[in-house]
Every structure is written in C-alpha cells, then in structure tokens.
Amino acid sequence: MTRRNELAPAASVDPMLPTPFRIARRTAETADTFTLELVPAGIACLFGFTPGQFNMLYVFGVGEAAISLCGDPAKPESLFHTVRAVGTVTKAMSELEPGATLGVRGPFGNGWPLAEAEGKDVLLVAGGIGLAPLRGALRWLLAHRQKYGVIALLYGARTPDDIIYRRDLEPLQRSCELILGITVDHPNPDWRGKVGVVTKLIAPVPFESSNTIAMICGPEVMMRFSARELQLRGIPDERIYLSIERNMRCAVGFCGHCQFGPDFICRDGPVFRYDRVRSWLNIPEL
Amino acid sequence: MNTMDTAIATHPFTRGINPRYLHLLTKGATYERFGADQPIFQETFDADRFYLIHSGHVALHTFIPGRGVTTIETLGGGDALGWSWMFAPYRWHFSATAADPTEAVALCARTLRDEMEENRDFGYWMAMRVSGVLLERLQMIRVRMLEMYDPPE
Amino acid sequence: MSIPNLTAAQHPFLNGLSEPHLRILGKTATPKRFAAGDRLFREGEAANGLYLVNTGNICLQTRSAGQPVRIATIGPGEVVGWSWLFPPFFWHFDASADETTEAIVFDAAQLRKDCEEDKAFGYELMKRVAEIVVSRLQVTRLKLVQSVKHDLAAALPKGE
C-alpha cells in the first residue's frame, strides 16, 4: 500500500519546527466543534496537501494536537481544520480569536485513495466529526466528477445539532451529482429526516460492489460496523479504507506514541486499507 | 401474480423461503398505502399485523417523559416492521407513523401464529428469520449506543 | 458432559418445553461455574455456546478506540450467546464474569444440528430466542433514547 500518492506532498522545511499561521476566520459548527481558516503569518507560501492528511497544530504555551485537513486541496492558500474541543489543547484552541497565531507542522500521513478510485463507484461513510477528513475528498471527487461513477456521501450524526458543514450539505441535497444520505441517532422534535445507524443508508445506494471504493471515517465502533456492512454487501476488504485516530506526539514516526499494531498512524496512516488493519481494530491504546 | 404477491415474494424478509410457504403468508394479507404522517399503529394497541415495507419510510416512536414523542428509528423499503404480534400479550411496544408516502404488505398476525403452530417446519423457518432480523436490529442499536462513547483526545 | 434430568424449572428459558425437548437439550448441556474475572469468550472467536445464567452476572463488552466499553450486563434468569445462530458464527463482543457465576452451557454446533433434524424442537427453541431478543431490543432501545446528554442540547454555540 503506497504511503503517499503523487497528490500528497511531503512536509516542507523541518517537520519538527512549527510554521506560524494566523487564524483568518473561526466558524462555529456545533456546541463544541469549530472550523479554523488559517493563512501563513510570515512569508506567503502554498501549502499543498491531499485529503486524509493531518497537521500538528501548536497552541503557544499549551501544546500540540493532530487535526485533519478538511479544506479544498485545489485551494491551498488557506488551510481549514475542524476541531472538537475535548482536551487541553483543543479547548485552548477554541478560545483563540481571529488574528491569533498557531504553529503548524505538516502535512503528515497519507491520504484517501482518490487516484485509485478513478473509474469506480465511491462511497464516503462518515460519522460525526469524521466528516471533516472526508470533506476535502468530496470536493475533489465533485471537481473531477467525470472520472468517477456513482458518488455517495452517507453521514450519521448523534443529533441534528451535531451535523457539521450544514452550509455545504444543504445545496448537496439538491444536487444530482451525488447521492446524499443523512441520519441522526437522537432526533429533536423538528427533525424530519432519518433516524438510525449510518449503515442503514448503504442499502439504497446503487453501487456496483465489485467496482467500488469505500472511505470510512468516524468513531471506531462506527467504522468497524460500517466496514463489516460493506463487506457483507460484497465490497472486497482491499477496497475499503478507514481513517484511524490515535494520540499523536511527534507525527514523524519516531516516538511510537501512535502505534497501531505494527504500524505508526503518523507514518503508515491515518488512512489504512481494511484488510491490513482488520485484526488490529480491537487492541488497546498505548 | 398481483402487486401484493410480488411484493411479498421479492421482499428481503422472505429471501430463501420455501415457495410452499408463500401462500401461508398471503392468507389474509392486504396491500396498504399510507400518506405522509399517517399513523400505522399505536403503542399498547393490539398487534394484529406484521408489515413488510415495500417503499417509503416509517418512523418508530414512543413517548419519553420529559422529552415528548421521540423517534427511535426510521425503517424503509425492504425492512420488516413489528414483532409484538409474535409474543403474548400481542400489544405494540411502540408507535409507527409513515414519514412519507409508504406502501407495505400487512400480513395477518393471527393467521401467521396459527400456521406456525400447525406447521412446525414453517414455524421454525419464521422463528429463525424473525430472530435473524431482530439480532441485526439489536446490533445496530448497540452500535448507536457505543457511538455515544467519546474517546478522549 | 450432559444433564440427563434437565428440567424446565432450572431456568426461565426452559419454561414450557416438553419432556422430549428437554432431553434433547440435556444431551448438550453442561453446568459451568465461572470465577469473578473469568473470560467466557472473546470478540472474533468462533461462537459455540448458549449460556443460561442462573447466578451471578456476565459483562458483555467491546472496545472503542482501545478503551473497554460495557454493552450489557446479563444476570440470573437471562441468556447470553446468539452469535452461534447465524453466519458468520463468531462472537460480536467479549464476555466475562463480573462475579462468581453459574450457568448452563449448551454446545451450539450440536444445537444447530438438533434444530435442523427436528423442526418442532427448532421451532420451540427459536421462538424462545426470538422472544428474548425482542425484549433485549426493547430495553436497549429505551436505554439509547434516554441516554442523550442533556447539556448537548442546552449549550449554545460559540463564535459567530
């Protein structure tokens, strides 16, 4: 399995030194999730990345966190990261206002198999904030629409209030370029959409299982069950890709903190083929 | 075969069924059409039907004190709806309402129960199939519960 | 081993079963005792047992991002172990005893054979299984519906 494809540039300069970026814009997505648009603070530079990769974002005086890139890879002038405020670093990040500076190291890891998916049907299955690493992939797929067959985005959130990227999703619901399925676990009284587990959205999609690539991102349990469901629908394990998350420290394959089976997430992932990681999905964290 | 017979024969629930049993299912069955927001059945009422949804979407809901009417799950074409008809006291444990225009075959519960008792081969097949679908549903609900568990950063 | 005199009184699951059916079950039954912490089975292993719990508690759990997460607790009078019923016949979760637990364990491969050979027996067994799964489904559904954190809905979004 290739670690990077031709769309994925290596980390520029010294991957251990953060480059200062400025917060150009901060958008609230849900009660505890926000999206930051970052632009270079010093000399302007073009930051290329492939969807699926991540950056280490450094909050000065607090620490670093690994956050997936979620922007359009065709527009590298700004970097977009969607962050959930759950730990010390991300909570500190959530307090920063536009104009504040962050350190950026990256991009690290490998990306989604967008080149391999050409000529095939593509299923994107996302749970909660797992939609963020897939957003750039969706942008790419739609920008090169003619290269792909059926494109479906299947998205499950806990509640309607947890749905991120609403402004992107609403026009997509009317688009004939892709199939969009959305479901929640816990509806509110105004919710008129589907209620249930995201795997239930798979059945009505008319994909050809022998010629489909699936990309899954979300809570680990959701990914395990989605992968299993796709397996049952006839998609071979080698065509199912997951994005695995583990606590990250150096991000350059050195400290072993993100070890996952025999692999390091930062070096061999975060995107993994299902046949490779199937047996590791139950092992405890370091 | 008419619309209803086709709907029963092609529904995932009857996949692999011995063709001899199909007529046992169609006895007393009706083809139902529900408009959007039309109630299908009500919690605590007699569970006298077993539904095979052909098309549309059905919301299963119940009343939670402090929260009001809450949708538990959405089912669609290809799903089977309703299990309370199989077990005493044969009363619905939740309510079901069509979320959009829905078509379903309504099988007669009493006929099914009688046939299962009389014809043990059929009874075994039905019990196996029902258990299989129920276990899938249980797995899905469990996954939803587990997804509530947020790993720390 | 077997339990030649298995009676319906020995567990609610056996309630109402006929003598001949109890004898079929008795042939594949083994009484087992688990100490606190003993593992019954592991997720991914071949599923080969139906467990009727008489005393004690069994913890069903899985892992989410490396952390163990409890799915359910099975107590006296309850049943655990469905995965032997349907392909692909492996366990979907881990099971271990919370405390000293006594259970009647049935050989699943043999049970499957018995069901196929004697459909009337198969019907009685599967009817009971279905009933238990329905009630477990109900309980889990209600747990799910009631488990939303209230502060999620109450918190106001920050920023613009």
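A: Happy to. Let's begin with β11(A), which runs parallel to strand β12 (residues 240-243) of chain A and is joined to it by 3 bridges. Strands here are DSSP runs of E with at least two residues, helices are runs of H or I with at least four residues, and both are numbered from the N terminus. Two strands count as paired if DSSP finds at least two bridges between them. The model is a predicted one, in which local features need pLDDT of at least 70 and side-chain atom pairs count only at pLDDT 80 or more, while totals for chains, interfaces and linings use all residues. Residues are numbered from 1 along each chain as its sequence is written, with chains lettered from A and ligands numbered from 1 in the order in which they are written.

Within the pairing to β12(A), A:I216 stands opposite A:L242. β11(A) also pairs with strand β7 (residues 121-127) of chain A, in the parallel sense and over 6 bridges. There, A:A126 has A:C217 as its bridge partner.

How well covered is strand β11 (residues 212-217) of chain A? Mostly covered, with 6 of its 6 residues buried. Buried means that 20 or more other C-beta atoms lie within 10 Å of the residue's own; 12 or fewer makes it exposed, anything in between is partly exposed, and the C-beta atoms are placed from the backbone.

Now for the backbone details. Most residues other than glycine have a negative phi, and most peptide bonds are trans. In chain A, the bond from A:G106 to A:P107 is cis, with omega near 5 degrees, and A:P107 is found in strand β6 (residues 101-108) of chain A. Chain B has a cis peptide bond joining B:A88 and B:P89, with omega about 0 degrees; B:P89 lies in the loop between β6 (80-81) and β7 (95-98) of chain B. B:Y90 is found in the loop between β6 and β7 of chain B too, and its phi is positive, near 55 degrees, although the residue is not a glycine. B:Y90 counts as partly exposed, having 14 C-beta neighbours inside 10 Å. Another non-glycine with positive phi is B:D37, at about 70 degrees. B:D37 sits in the loop between β1 (30-34) and β2 (39-41) of chain B and is exposed, with 11 other C-beta atoms within 10 Å.

Where does chain B meet chain C? The contact involves 29 residues of chain B and 31 residues of chain C. On the chain B side, β5 (68-76) and α4 (120-147) each supply at least two residues. α4(B) gives the most, with 19 residues. By class, this side of chain B divides into 18 nonpolar, 6 polar and 5 charged residues.

Finally, look at chain C, where 4 strands make an open, antiparallel sheet in the order β1-β8-β3-β6. β1 (29-34) and β6 (79-80) of chain C are at the edges with a single partner strand each, so one side of each is left without a neighbour in the sheet. Strand β3 (residues 49-55) of chain C pairs with β6(C) over 2 bridges in the antiparallel sense, with C:Y51 opposite C:V80.

Definitions and conventions. Contact = placed C-beta atoms within 7 Å. Nonpolar A, V, L, I, M, F, W, Y, C, P; charged D, E, K, R; others polar.
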